[in-house]
Number of protein chains: 2
Amino acid sequence: MSTRYLVLAEGKSGDPHFGKTARGVMRYAPEKVVALLDSERAGELQDGWPIVGRVDDALRFDPNTALVGVATSGGRFPPAWKELLRTCIQKGLDLENGLHEFLTNDAELVELAQRHNVELRDLRKPPTDLNVPTGENLAVPATIVLTVGSDCAIGKMTVSIELDREARRRGVKSEFVPTGQTGIAIAGWGIAVDAVVSDFIAGAAERLVVEGHRRGGELLFVEGQGALQHPQYSGVTLGLYHGSAPHLLVLCHQAGQAYVNEDERFPIPPLSELVALHERTALIARPAKVACIALNTRDLAEDEALRSIDEAKAETGLPAGDPVRFGADALVKAILAQV
Amino acid sequence: MSTRYLVLAEGKSGDPHFGKTARGVMRYAPEKVVALLDSERAGELQDGWPIVGRVDDALRFDPNTALVGVATSGGRFPPAWKELLRTCIQKGLDLENGLHEFLTNDAELVELAQRHNVELRDLRKPPTDLNVPTGENLAVPATIVLTVGSDCAIGKMTVSIELDREARRRGVKSEFVPTGQTGIAIAGWGIAVDAVVSDFIAGAAERLVVEGHRRGGELLFVEGQGALQHPQYSGVTLGLYHGSAPHLLVLCHQAGQAYVNEDERFPIPPLSELVALHERTALIARPAKVACIALNTRDLAEDEALRSIDEAKAETGLPAGDPVRFGADALVKAILAQV
């Protein structure tokens, strides 16, 4: 049975930043979404979807899953949400949740779900049988492309998805390999590598590329996480890098951004230095090359955006572009040229 | 009450590699150990400690804690051990455990421990309130020295402890900062950073250096983990590196070792390249310098050992030595010269 989401966006549906996971699904898996819930905007539309005020009002759209898609500080459930979650369960909806706090750790919700015969799915909950990598990552007969970047939250997942779609349009057997909750909700599989025990980051990444190939991918676009020079998440980044054993990297950067994490103590090095740093830190047994630069130019006027792309090309000598704004054509060409 | 360990080494007390945690404690915290348990060698001595065959026979040495110090494949309890653990609890001993498998996840042991009013301590169990680093690591008023290396299991913990001891002998307010189960058992505090959720590696490392300073350290020797180019553990290594925000690095290498993880696909780069790689990957806001090279020469004859030290000096232009075999003097001098 395919997923039919009621996106829970109470009080937040109008906020463009309201929930990375919900927004991601609405953008890249719109066929899975049937309605949004936000009592403050009941009766309105959001991007063409009906907004309902109560779970009961959503049932005529025949959802089978409620998506907890609102990012909250520290990843905790807003207490007021608990009642809403209980209602969803009572109405027979599975719950799917991308937050750090797990539904399946809440004894009351677990008991209620059993009673109503619905499933609680925590997208960030890692498999219980992870281990260190075995070396199988180096034997996957596919070209592996990892997005890396100058910071978090600059669109590495988006770039991976856009490149995967463009490659598919060209007839390539391409797979997007999700490594975070939003990618998992979009693609319906994956492991949130930042939620695994740190000993097993690389092992989780290995399992993902093995699975991406098993699903038919000859070209794998692995969703990157964090940044090698991010003061908080660099460990996840390097573990994912080594465990996924990419042949090629796509270096992502938000055009014009000067500091990692908006912190002036962490100036972002020039793109050419970032290219060298990433190539230098590759897995010894799998040298990786930066194939192209993906700029996120959303904050720039079009002429500035085009200029920043030209500058990136000139500085690095690599193809560059903003795949969301101007299409993924040039970047995919650059990648396919190296496959 | 200070810890008085009965080291559980059933069937393994004669094996020099039998248990990293137990061996570490016997070597660096001998004052905490009162006896070993190994029914195959009951009545013998090991490094001066009595070996007993049954828990009852150990009680006259007045232990208060049984140390599960045997490393097992995959970190699981040998099933036959469960009975021994139950006996220890019944005799009123706390249990301390360095394995991946947690005592506190075993409902039967937990219940038994409550009944007998003893404590179960899982050394690798992370604190429940970890988060990402706050930036406090950059404000710790101490000189932070991290051991890094060309591979796992080449003596980074040992080097950190030896340097800490030599610094203390010189009157420096030095602290060893434990990041793994053996270091934790030796020092009585710390966090096993490879066991935390990967999002929080750097946050755990930050907390450790903050705590090291709170304990009076003006010079902190942080126990390194893994290796930046290790195919399995590099994520832990980089997260620990960035989270502990060291000013200085001690590069550890097993003299003569050619491959990471004994895997020919992973040749260890020359030491001079490793120095450059580690300095290049420092936290942007905290450039780190390799202060010296610590060679582990245990597999070499003395003349070969001395020659390998000379070669390391010549290649890197840095002070080098084997602090276990030839004393930590030169390395500590090199560090203090940069404080």
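## Basis of the description

Helices (H or I, at least four residues) and strands (E, at least two) are DSSP runs, numbered from the N terminus. The model is predicted: local features need pLDDT of at least 70, side-chain atom pairs count only at pLDDT 80 or more, and totals for chains, interfaces and linings use all residues. Residues are numbered from 1 along each chain as its sequence is written, chains are lettered from A and ligands numbered from 1 in the order in which they are written, and side-chain values use heavy atoms, with hydrogens and water left out.

B:Val118 sits in the loop that links α4 (107-116) and β7 (120-122) of chain B. Its relative accessible area is 11%, so B:Val118 counts as buried (under 20% relative accessible area; exposed is over 50% and partly exposed in between, with a 1.4 Å probe and protein chains only). Apart from neighbours within four places in sequence, B:Val118 is in contact (heavy atoms within 4.5 Å) with B:Ile89, B:Gly92, B:Leu93, B:Asp94 and B:Ala113. B:Glu108 is 10 residues from B:Val118 in sequence, and their C-alpha atoms are 14 Å apart.

## Helix α3 of chain B

One of the contacts of B:Val118 is B:Ile89, a buried residue of α3(B). Helix α3 (residues 81-90) of chain B is largely enclosed by the rest of the structure, because seven of its 10 residues are buried. These are B:Trp81, B:Lys82, B:Leu84, B:Leu85, B:Arg86, B:Cys88 and B:Ile89. After α3(B) comes B:Gly92, with a positive phi near 90 degrees; B:Gly92 is also in contact with B:Val118.

## Cysteines

B:Cys88 has a relative accessible area of 0% and is therefore buried. A:Cys88 is likewise buried, at 0% relative accessibility. Over all chains the count of disulfides (pairs of cysteine sulfur atoms within 2.5 Å) is zero.

## Packing of α7 and α8

Two packed helices are described by the angle between their axes and the distance between the axes. Axes are lines fitted to C-alpha atoms, for helices over the stretch in contact, and angles run from 0 to 180 degrees between N-to-C directions. In chain A, helix α7 (residues 201-214) packs on helix α8 (residues 234-244) at about 45 degrees, with the axes 7 Å apart. This angle makes α7(A) oblique to α8(A) (angles under 35 degrees count as roughly parallel, over 145 as roughly antiparallel, 65 to 115 as roughly perpendicular and the rest as oblique).

In chain B, helix α7 (residues 201-214) and helix α8 (residues 234-244) pack at about 45 degrees with axes 7 Å apart, and their crossing is right-handed. B:Ile201, B:Ala202, B:Ala205, B:Glu206 and B:Val209 of α7(B) meet B:Gly235, B:Val236, B:Gly239, B:Leu240, B:Gly243 and B:Ser244 of α8(B). By class, this contact has six nonpolar, four polar and one charged residues (Ala, Val, Leu, Ile, Met, Phe, Trp, Tyr, Cys and Pro count as nonpolar, Asp, Glu, Lys and Arg as charged, and the others, Gly among them, as polar).

## Packing of α9 and α10 in chain B

Helix α9 (residues 271-280) and helix α10 (residues 302-316) of chain B cross at roughly 55 degrees, and their axes come within 8 Å. α9(B) is therefore oblique to α10(B). The contact joins B:Leu271, B:Ser272 and B:Val275 of α9(B) to B:Ala312, B:Glu315 and B:Thr316 of α10(B). Three of these residues are nonpolar, two polar and one charged.

Terms used. Left-handed = near helix turned anticlockwise from the far one by under 90°.
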